[in-house]
Structure formats: structure tokens, C-alpha cells
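Q: Please show me how to read the features of a structural model, one at a time, with the general idea before the case.

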Amino acid sequence: MDNCGSVTPGVLRSITPLIQQNIRAVSLGLSYSLADEDVFVFLRDLSELERVELRYYWQLKSPKSRPNLARLKSFTACHANFQTREEVQSLCKWIRRAISVSPIQALQIVQDERDDDDDDGVPSNTGANISFRSVVDHLCARHSKTLCVLNMENAYIDIKSLKKLFATCMMLEEVHLCVRSYALTLVKKYSGALTKLHTASFNTKNIRLGKRRVIDMELVATLLKHGPPHLRTLSVNGQTWESAWKRTRDDSFSLAIHKQPRLVFPWDRKQKLLALHEPETPLPQESVLRPTPVVAPVSDNVERAVRTTSAARSGTDVKGSRLCVRFSEPS
């Protein structure tokens, strides 16, 4: 249920008895008729839930109830681009309350509005960002033994919290983090603990735009070759490298690293690129018809016959000649 302004607490209460025994996943979009308390009470009665996606909006009153979902494995929180510390702290508190007693394996914090990119695909907003430290502290304290996938691509994590995350959550297999440029060095430092990590993506913030464009290629190669043993995909600021074992001519194996082309979605392209790649509009049905010229007999004048014949081939009319064009369906 997404963007459903008509979904009210009464609607949720009426459908709960019908779905509480069998439902395994719930996705609830934005509804200003629902308070956080209404949503958490609704989820609390769905004890079999394993996947939940909720849309958060800032509210003055904090919920008192907890969902207490003992089977919840995946939680996704969608939110707007918050600019104040109070809003970020309120969101962090809301996430902690939602997953407090759940064996979370995957956590995604998704920002609705992404930063506008420049011509090189680099977000223009690389300045100060507010840290989601309390969420990371909660994950390390409550979910370190179960957390496998962490997507906080636009939720900034400070260096202290990042060190704690890598040192504590050893079951991590895939991470997408918003950090400072020092993060790559930390991955190398904690590579012994991140034995299951195979995919890592870093979006650097709190850094000058000019420095963001500079990527230490030697460090990238070192991480893929000598970092976490299962790391095969590494992304930094939209640039992706992959490594794979290849067999050489002497029957030995070497680790090859290659850069993946930047993936640009159609809705993210610039207007000029959209114009170049815009699909051709299909012609109307009558324009597809093939003209079959039928030329009336002409006089013995050779010059006039030549002009009339040329006009018939081009499908145009020539003054002084009788030219009829008949349209027929293409064979």
C-alpha cells in the first residue's frame, strides 16, 4: 500500500484478523492518516512477518508500542532528505524501536530524494552530513550475529561508528555505506574480521568536491587482491571494480581486476542525453502506405516526358502533367 491517504487506523484494524496468520511481508507507503503508534500496533499483531518496508515521516509524538517481530529478517525504512539533527535522531530512534527484538539479517535505509549529480555522476552535495551513529551502535549491540546486508548509502556513518561496525558485525556479506574517504583504509585494516564480505560500496561525504574525484587506485587494487578474502566487487563514488580468477597459459590462476562501465538509468540522464536516445515516434498508419504512381500518357515532347517520369518516381506533381498517386497497403 503506497501513497494511500485513505488508509486509516480503522482500515488496518479491520484487515488484521484476515491476514495475521499467513502474511509474511508488508510494504506500507506514505499515509498522513496513520501515526507511528498505529503502524507499530498493526505490525505487532502480525507475528509471522519476515520482511517489512515502511515510509517514515517526521512526527511530534513518538510511538509507545514496539512491533516485537520475532521472525523479522529484512527491514527497509524510506525517508525524506533530512537536514537537521533533530530529524535524523528521531528517524534513528524510530528504526531502533522497529527492529529492537528482531533477528535482522538485512537493513536498508533509503533516502527518497537523491543529490543531483554533475556531469561526472558525482553528487553535488558532499558537505557536512549528520551521522546515523545511534543506528550503528544499536546494530553492533543487538544484531551483530545476524546482520548480513547493510544498505546505508545515503545515511552518513562517522569513522568511530564505522570502526565499531567492522570490528563487531563479522557476518556482513554486503555493505553500501555513506562515509568519509578514510573508509577504504579501514576495510584493509579489518579485512581479517570481514571474512564473509563479497560486495562493498562507499559513497564519500563530508569532503571537498575536488578530493572526492580522486580515488586511490593502488588502494582499490590492494583491497581486491589482499583485502577480505571473498571481496569481489568494490564501488567508490559510483565507480565499480570487479575481480575474478582467470586461468593463464601456464595453467596457473591470477586475479584479474576490471572496471565496470557506469550504469546510468534513463531517469537520471541529462536532457541532452535523453534527446539523443529518445526513441523514434512511430509513423501514422497512413504515412506508412507506399505510393504507386500512375502517369497519364504524355506528348511526344521528350523533355516533358523526362520531367513527368521524374515527377512520377518522386511522387510529386508537375504543372502541366496529369499525375495520379494511388496508395496501397505495404506487401
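**Reading the features**

Q: How does Asn68 count at its relative accessibility?
A: Asn68, at 42% relative accessibility, counts as partly exposed. The model is predicted, so that local features need pLDDT of at least 70 and side-chain atom pairs count only at pLDDT 80 or more, while totals for chains, interfaces and linings use all residues. Residues are numbered from 1 along each chain as its sequence is written, and side-chain values use heavy atoms, with hydrogens and water left out.

Q: Where is Asn68, and what is its phi?
A: Helices (H or I, at least four residues) and strands (E, at least two) are DSSP runs, numbered from the N terminus. Asn68 is in the loop between β2 and β3 (74-79). Its phi is near 55 degrees, which is positive in a residue other than glycine.

Q: Which class does Asn237 fall into, buried or exposed?
A: Asn237 is buried, with a relative accessible area of 7%.

Q: What do the totals for the protein chain come to?
A: The chain's secondary structure comes to 11 helices and 12 strands. Of the 331 residues in the chain, 38% are buried. Contacts (heavy atoms within 4.5 Å) can be sorted by distance along the sequence. Among those in the chain with a separation of 6 or more, 67% are between residues 24 or more positions apart.

Q: Which residues of α2 are buried?
A: In α2, the buried residues are Asp36, Val39, Phe40, Phe42 and Leu43. Down the helix axis they fall within an arc of 160 degrees, so they line one face of α2; the arc is that of the directions from the axis to the C-beta atoms. The general idea is that an α-helix has 3.6 residues a turn, so residues three or four places apart point the same way. The elements that the buried residues of α2 pack against are α1 (9-19), β1 (25-28), β2 and α3 (85-99).

Q: How many cavities of 30 Å³ or more does the structure hold?
A: On a 1 Å grid over the protein atoms alone, a cavity is a set of points where a 1.4 Å probe fits but cannot get out, and lining residues have an atom within 4 Å of a point. Points are joined across faces, edges and corners, and the volume is the space filled by probe spheres set on them. The structure holds 1 cavity of 30 Å³ or more, and the largest cavity has a volume of about 110 Å³. The elements giving two or more residues to its lining are α2 (36-44) and β2 (51-55). Lining residues include Asp36, Val39, Leu54, Arg55 and Trp94.

Q: How is strand pairing read for β5?
A: Two strands pair if DSSP finds at least two bridges between them. Strand β4 (residues 106-111) is joined to β5 by 3 bridges, and the two run parallel; Gln108 stands opposite Asn151 in β5. β5 also pairs with strand β6 (residues 174-179) in the parallel sense, over 5 bridges, with Val149 opposite Glu174 in β6. Strand β5 (residues 149-156) is mostly covered, as 6 of its 8 residues are buried.

Q: What does Val179 touch?
A: Val179 is in strand β6 and is buried, at a relative accessible area of 0%. Leaving out residues up to four places away in sequence, Val179 touches Tyr156, Ile157, Leu162, Phe202, Asn203, Thr204 and Lys205. Asp158 is 21 residues from Val179 along the chain, with 6.4 Å between their C-alpha atoms.

Q: In which sense do β9 and β10 run, parallel or antiparallel?
A: Strands β9 (residues 239-247) and β10 (residues 253-260) run antiparallel and are joined by 8 bridges. Arg247 stands opposite Phe253 in β10. The two strands form a hairpin with 5 residues between them, and Asp251 in the turn has a positive phi of about 65 degrees.

Q: How does Arg142 count, buried or exposed?
A: Arg142, in helix α4 (residues 133-142), counts as exposed at 54% relative accessibility. Arg142 and Ile99 are 43 residues apart in sequence, and 9.3 Å apart from C-alpha to C-alpha.

Definitions and conventions:
1 Å grid on protein atoms, 1.4 Å probe; cavity = no way out; pocket = protein on both sides within 12 Å on 5 of 7 lines; lining within 4 Å. Buried < 20%, exposed > 50% of the residue type's maximum accessible area, 1.4 Å probe, protein only.
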